[in-house]
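Visitor: Could you walk me through this one slowly? I'd like to ask about it as we go.

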Amino acid sequence: MTAKVYFSETITPEQVLKLYKAAEKELPGKVAIKLHSGEKGNQNFLGPDFWKPVIDFVGGTVVECNTAYEGERNVTEKHVKLMEEHGWSKYFDVDILDAEGPDKELDIPDGKVIKKNYVGKNIEKYESMLVLSHFKGHPMGGYGGALKQLSIGVASSFGKAYIHGAGEPEKIWTADHDAFLESMADAAGSVVEYFKGNTLYVNVMKNMSVDCDCCAVAEDPCIADIGILVSTDPIAIDQACIDLVYLCADAGKPHLIERIESRNGVHTIEAAAKLGYGEREYELIRID
C-alpha cells in the first residue's frame, strides 16, 4: 500500500496532536520520544512548549543522545544541564540514552556501507518510538528530518562518529560523502527494525534555516513556514517534505534547495528506499 502522509499548513502545538491522532497509530508499551534538544545558542529549534501537547498525550519519555563534537551536548553532564536550561526537564521525563556505556549494537545485515549501528543502551527500556523532527537544512546531510533523527539522532556519541565516518570513526569529517549518507540510511533502518514497526514520525516545516539545530551559530530561517506532516513511513515523510520545498512559491527556497542539492541530500532517501523499510511514493492527506 502507498504510504499515507498527513499534512496541515496550520502550525500549532494543538495541530501536531490533531495530526498524530489522525494517523491512528498505537504506540505500545513505554514510548521513547526522540527529538532534538537544541544546541546552546541555536535560535531555530522547536522547544518544549511547542511539543508539549503531543508529548503529554502520549505520556512517553523524551530521549536524546550525546554528540560526537565539541559543544554543550557532547558529554552527559553538560547535556543534562542543557536539557534543564532549555526547559525539557521542567515538563518531561528525560533520558540520555548513551549516558553510560557500553553502547548497544544493532546488526545491519543488509547494510550497504555499515553492518553495525551503535546506539545508547537505554533504548532497551522502550517498546516504541515517536520521532519528532524539525525539518530544515543541514551543513553535511543537506537536510534534516526523520531519517536523520533515526540515524545520527539515535546513535550514541561513538555511533555518530561511526556513521559519519562510514564505518571508520576516525574519518568522522573526511569520509566519502555519499558513503556517509548511505550509512545514515543503513543506521536508520536498524532502528526501524529494532522497534518492529512501533514507530510514528512527525516532521514540522517551521523555522527552516539551511543550518541544523545542532549549530550553535546558525543562519536565520530563509523560507516561509510550510506545515506539519505525520506518517508511519520515515522515507515517505522526508520525501514529502523535500517535494513541498520544491513546490512552494516562497522566494527564499533557492537557498534551501542549494543546501540540499549541494550535499546530495536526497541520496539518503534514495539509499533508504533501496533498503526497503519504507517508500518514496505517498498519498498526501490534507487536514484543516
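Guide: Let's start with how elements are named: helices (H or I, at least four residues) and strands (E, at least two) are DSSP runs, numbered from the N terminus. This is a predicted model, where local features need pLDDT of at least 70 and side-chain atom pairs 80 or more, while totals for chains, interfaces and linings use all residues. Residues are numbered from 1 along each chain as its sequence is written, and side-chain values use heavy atoms, without hydrogens or water.

Visitor: OK, which element gives the largest share of the lining of the second largest pocket?

Guide: That is helix α7 (residues 177-194), which supplies five residues. A pocket is an open set of points on a 1 Å grid over the protein atoms alone, with protein on both sides within 12 Å along at least five of seven lines, and a lining residue has an atom within 4 Å of a point. Among the residues that line this second largest pocket are Asp 107, Asp 110, Asp 186, Glu 193 and Tyr 277.

Visitor: And how much space lies in it?

Guide: About 280 Å³, where a volume is the space filled by probe spheres set on the points, which are joined across faces, edges and corners.

Visitor: What about the largest pocket, what volume does that have?

Guide: The largest pocket has a volume of about 370 Å³. It is lined by 31 residues, and the closest to its centre are His 36, His 138, Lys 148, Ile 152 and Cys 214. Two or more lining residues come from each of β7, β8 (136-138), α5 (146-153) and α6 (157-164), and the largest share, four residues, belongs to α5.

Visitor: How do α5 and α6 pack?

Guide: Their axes are 9 Å apart and the angle is about 115°; axes are lines fitted to C-alpha atoms, for helices over the stretch in contact, and angles between N-to-C directions run from 0 to 180 degrees. On the α5 side the contact (heavy atoms within 4.5 Å) is made by Ser 151, Ile 152 and Gly 153, and on the α6 side by Lys 160, Ile 163 and His 164.

Visitor: Switching topic, how many strands form the open sheet?

Guide: Eight strands form it, in the order β4-β3-β2-β7-β10-β11-β1-β12, with mixed pairing. At its edges are β4 (94-96) and β12 (282-286), each of which pairs on one side only, and neighbouring strands are turned by 25° against each other on average, direction ignored.

Visitor: In which sense do β1 and β11 pair?

Guide: Strand β1 (residues 3-8) and strand β11 (residues 227-231) pair in the antiparallel sense over four bridges, where pairing requires at least two bridges found by DSSP. One place to look is Phe 7, whose bridge partner in β11 is Leu 229. Helix α1 packs on this sheet, touching β1, β7 (128-134), β10 (199-205) and β11, and its direction makes about 25° with that of β11.

Visitor: Which residues make the contact of α1 with α2?

Guide: The axes of α1 (residues 13-22) and α2 (residues 48-58) come within 7 Å and cross at roughly 35°. The contact includes Pro 13, Val 16 and Tyr 20 of α1, together with Phe 50, Trp 51 and Phe 57 of α2, among others.

How values were computed. On a 1 Å grid over the protein atoms alone, a cavity is a set of points where a 1.4 Å probe fits but cannot get out, and a pocket is an open set with protein on both sides within 12 Å along at least five of seven lines; lining residues have an atom within 4 Å of a point.
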